[in-house]
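Okay, thanks for having me, everyone. Let me put the thing up on the screen and then talk you through it.

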Amino acid sequence: MFSTCRIQVKQQCCMHLVRNVCEIPSKYQLKSKYDAVIIGGGHNGLVAAAYLAKAGAKVCVLERRYLLGGAAVTEEIIPGFKFSRASYVLSLLRPQIYSDLNLKEHGLKVYLRDPYSYTPLREDFWKSPNAKSLTLGRDHLKNQLEITKFSKKDAQVFQEYEKLLSRLVDAVEPLMDVSPHNLMKMLDQPSAWGKALTAWHTSSNLAELVKVVLRLGKDVRPLYELMTASPQKVLYHWFESEPLRATLATDALIGTMACSNTPGIGYVLLHHVMGGVEG
C-alpha cells in the first residue's frame with residue numbers, strides 16, 4: 001500500500017516537473033542528457049554542481065522554489081523585515097571552497113557580527129538596574145564589563161576560556177578537510193601494528209591526525225572532555241553565572257535537537273567557532 005502511494009506521488013511529481021519544464025522559455029529548456037542531476041538548489045547542491053561543472057561535467061540543478069539558495073536564502077518574511085530562513089552564520093564555509101569558486105570575485109561580501117550575541121533577561125532575573133541583559137562582541141574589555149554585571153569571577157576567566165577554544169580550533173580544524181581514518185578497523189586486523197605503520201607511510205589522513213595530537217600537547221585532555229561531556233558540564237566547570245552559561249550554551253545546542261545535559265555534544269561549542277571568514 002505504502003509502496004503504491006510512493007510510486008503515485010513520484011509519478012505526480014515527475015508530471016509536475018515535466019509540465020513546468022514545458023512552460024520554460026526555449027533558451028532555458030533542459031537538455032536531453034546530463035552527466036549529473038542535482039536535486040535541490042540549496043547552498044550544498046550549488047557547491048556540488050559548481051565543482052562538477054568546473055571539472056567539465058554537464059550538470060542540471062532542479063529546485064522546486066522560485067529562487068535558489070535553500071537554507072541560505074534571505075527573504076522578507078514580515079513586511080519590511082528580512083530574515084535568513086535557516087543559515088545564521090558563514091564561518092563554517094570552508095576556505096578552500098571560497099577560493100576554488102572565486103566567491104569574492106562573484107560578489108560574496110561577509111558582514112561580521114558585532115555584537116555577536118544579546119541575551120535579554122526576564123525581570124525576575126534582574127540583579128540590578130544595569131543587569132537586565134548580556135551583550136557579547138569582539139571587544140574583550142567590553143565583554144568583561146558586561147559579564148562583571150553578573151560575576152567578577154566569570155569576567156576574569158572568560159578570556160581564558162576563549163583562548164582555550166581558539167587553541168583547540170587551530171589544532172583540530174585541519175581535520176575538517178580530510179576523510180576520517182578507521183583506526184579500530186586497522187587494529188582489528190592481523191599484524192595490526194604492521195598495517196598501522198604501513199598506513200602511517202601511505203595515508204596523509206593518519207599523518208594529519210598525528211600532527212593534530214602533537215599540536216594539542218597539554219590540551220589533549222580538555223579536547224577529550226569537550227568531545228565527551230555535555231555542554232552543561234563544560235560550562236558549569238568554567239562559569240558560575242546563569243546568564244553567561246545560557247548565552248554560551250546556544251552555540252552547543254543549535255542544530256543538535258538535544259538538551260544541555262546530553263553527553264557528547266560539548267564538541268558543538270567548538271564546532272561553531274571553527275571556520276574562516278573570506279577564505
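I'll go from the chain as a whole down to a helix pair, a couple of residues and the cysteines.

First, the housekeeping. This is a predicted model, so to speak of local features we need pLDDT of at least 70, side-chain atom pairs count only at pLDDT 80 or more, and totals for chains, interfaces and linings use all residues. Residues are numbered from 1 along each chain as its sequence is written, and side-chain values use heavy atoms, with hydrogens and water left out.

So, the overall picture. The protein chain has 12 helices and six strands; those are DSSP runs, H or I of at least four residues for helices and E of at least two for strands, numbered from the N terminus. Of its 279 residues, 28% count as buried, where buried means under 20% relative accessible area, exposed is over 50%, and partly exposed sits in between, with a 1.4 Å probe and protein chains only. The accessible surface is about 19,300 Å², and carbon and sulfur atoms own 59% of that; areas are Shrake-Rupley with a 1.4 Å probe, and for residues only the protein chains shown count as cover. On contacts, meaning heavy atoms within 4.5 Å: among those with a separation of 6 or more, 51% join residues 24 or more positions apart.

Now the helix pair. The axes of α10 (residues 231-238) and α11 (residues 242-253) come within 10 Å and cross at roughly 145°. Axes here are lines fitted to C-alpha atoms, for helices over the stretch in contact, with angles from 0 to 180 degrees between N-to-C directions. Who makes the contact? From α10 it's P231, L235 and Y236, and from α11 it's E242, R245, L248, A249 and A252.

Next, N143, in helix α4 (residues 140-148). Buried or exposed? N143 is buried, at 2% relative accessibility. Beyond four places in sequence, N143 touches Y116, T135, L136, G137 and F158.

P115 lies in the loop between α3 (95-100) and β5 (117-120), and is partly exposed at 47%. Setting aside neighbours within four places, P115 contacts T135, L136 and G137. Its C-alpha is 6.7 Å from that of R138, 23 residues away along the chain.

Last, cysteines. How many disulfides turn up? Zero, searching the whole structure, with a disulfide being a pair of cysteine sulfur atoms within 2.5 Å. C60 is buried at 6% relative accessible area, while C259 is partly exposed at 41%.
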